[in-house]
Amino acid sequence: MKMPPLHALMCCEAAARHMSIKLAAEELCVTASAVSQQIAKFEALINVRLFIRAPRGLALTDEGRQYLAAIRPAFAQIEAATQHLLSRGRSNTVALSCTRGFAVQWLLPGLAEFEQANPGVEVQIATTNRRVDLLAEGYDFAIRHGGGSYPGLEAERLVDDDLCPLCSPQLLAPRRALNSPVELSDYPLLHDEHRGDWALWFSALGFAGVNTGRGAVFIDSNGVLEAAIAGQGIALVRRSLARDALRQGLLVPALAQSVASPIAYYLVYAPSAMLQPVNRRFRDWITSRAAEAAERW
């Protein structure tokens with residue numbers, strides 16, 4: 001059996017979500033008896049018991065819990081794809097989730113360009129450090145910081161320029177600059193919530209045993225940059241996200257060395273999002289802008 005009966009799966013999924021045959025039947029606009037029969041036929045077909053019937057309602061077996069959790073994303077994808085298809089060409093909004101730091105430092109400075117080229121289109125940005133469920137929460141896109149593997153989603157690399165130690169010019173005065181990465185350990189190291197970038201940087205340069213666990217931790221890169229500008233320590237950030245502070249002289253490189261990182265910022269989206277022309281235009285714009293920024297840096 002390659003594909004189980006879809007109607008039976010719908011009955012099982014609805015019953016598991018509501019933990020009620022009656023509520024599942026109401027949702028599917030069928031009788032409770034029809035839902036029960038579909039579940040019983042499906043259990044007989046696969047020879048696995050998914051539900052435990054009790055006088056006070058339903059309960060899932062271990063196999064039922066695992067199976068229904070595995071197929072639920074498929075139903076969400078079908079629902080999202082259908083909604084995108086039904087509203088194809090009529091939507092004028094793009095819903096995006098990203099961190100506050102990425103929004104302020106990279107996205108917002110160029111967003112007016114997209115809005116001018118697409119009059120009437122509204123880009124709705126929700127800033128959060130939480131990894132949102134795109135399909136369940138109604139987002140078209142998210143910006144994620146990681147290795148680029150996001151099962152079930154498309155991922156396009158946006159920002160991956162080298163990490164560089166930056167600080168206020170006053171922090172190093174009168175030394176102007178440090179001669180060796182080891183000298184950085186004499187200063188407070190500033191961290192964002194990922195916290196692993198300093199260890200990665202020292203390791204890539206061949207320096208082991210440096211205590212990178214100390215120093216203040218901020219919820220996002222905005223806090224790290226603000227603390228560095230205030231002279232509270234040295235930040236390890238991508239130059240592209242600190243370009244304004246570098247241009248204004250608020251931050252300077254503490255060292256000449258920078259190092260590539262296996263972690264990057266990715267634009268992620270469900271394949272069904274591309275059914276919307278406005279989403280395709282936004283995807284094309286943001287990836288093109290990222291490519292142009294990479295060439296400059």
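**Figure 1. Ala 260 in the loop between strands E10 and E11**. In this predicted model, Ala 260 sits in the loop that runs between strand E10 (252-253) and strand E11 (264-269). The residue is exposed, because its relative accessible area of 53% is over the 50% cut-off. A second residue, Lys 41, is included for scale: Ala 260 and Lys 41 are 219 residues apart in sequence, and their C-alpha atoms are 56 Å apart in space.

**Figure 2. Packing of helices H1 and H3**. The axes of H1 and H3 are 9 Å apart and form an angle of about 110°. The two helices are therefore roughly perpendicular to each other, as the angle falls in the range of 65 to 115 degrees. H1 contributes His 7, Ala 8, Leu 9, Cys 11, Cys 12 and Ala 15 to the contact, and H3 contributes Val 35, Gln 38, Ile 39 and Phe 42. Sorted by class, the residues in the contact of H1 with H3 are eight nonpolar and two polar, with no charged residues.

Figure 3. Most residues other than glycine have a negative phi. With a relative accessibility of 30%, Met 19 counts as partly exposed. Asn 47 is exposed, its relative accessible area being 70%.

**Figure 4. The hairpin of strands E1 and E2**. Strand E1 (residues 51-54) pairs with strand E2 (residues 57-60) in the antiparallel sense, over four bridges. Two residues lie between the strands of this hairpin. Ala 54 has Gly 57 of E2 as its bridge partner.

**Figure 5. Packing of helices H5 and H11**. Two packed helices are described by the angle between their axes and the distance between the axes. For helix H5 (residues 100-117) and helix H11 (residues 277-296), the angle is about 125° and the axes are 11 Å apart. H5 and H11 are therefore oblique to each other. The crossing of H5 past H11 is right-handed. On the H5 side, the contact is made by Trp 106, Leu 107, Pro 109, Gly 110, Leu 111, Glu 113 and Phe 114; on the H11 side, it is made by Val 278, Arg 281, Phe 282, Trp 285, Ile 286, Arg 289 and Ala 290. By class, the contact of H5 with H11 comprises 10 nonpolar residues, one polar residue and three charged residues.

Figure 6. Leaving aside residues up to four places away in sequence, Arg 283 touches Phe 141, Glu 156, Leu 267, Tyr 269 and Met 274.

Methods. Residues are numbered from 1 along each chain as its sequence is written. This is a predicted model: local features need pLDDT of at least 70, side-chain atom pairs count only at pLDDT 80 or more; totals for chains, interfaces and linings use all residues. Side-chain values use heavy atoms; hydrogens and water are left out. Axes are lines fitted to C-alpha atoms, for helices over the stretch in contact, and angles run from 0 to 180 degrees between N-to-C directions. Angles under 35 degrees count as roughly parallel, over 145 as roughly antiparallel, 65 to 115 as roughly perpendicular and the rest as oblique. A crossing is left-handed if the near helix is turned anticlockwise from the far one by less than a right angle, and right-handed if clockwise. Contact means heavy atoms within 4.5 Å. Ala, Val, Leu, Ile, Met, Phe, Trp, Tyr, Cys and Pro count as nonpolar, Asp, Glu, Lys and Arg as charged, and the others, Gly among them, as polar. Two strands pair if DSSP finds at least two bridges between them. Buried means under 20% relative accessible area, exposed over 50%, partly exposed in between (1.4 Å probe, protein chains only).
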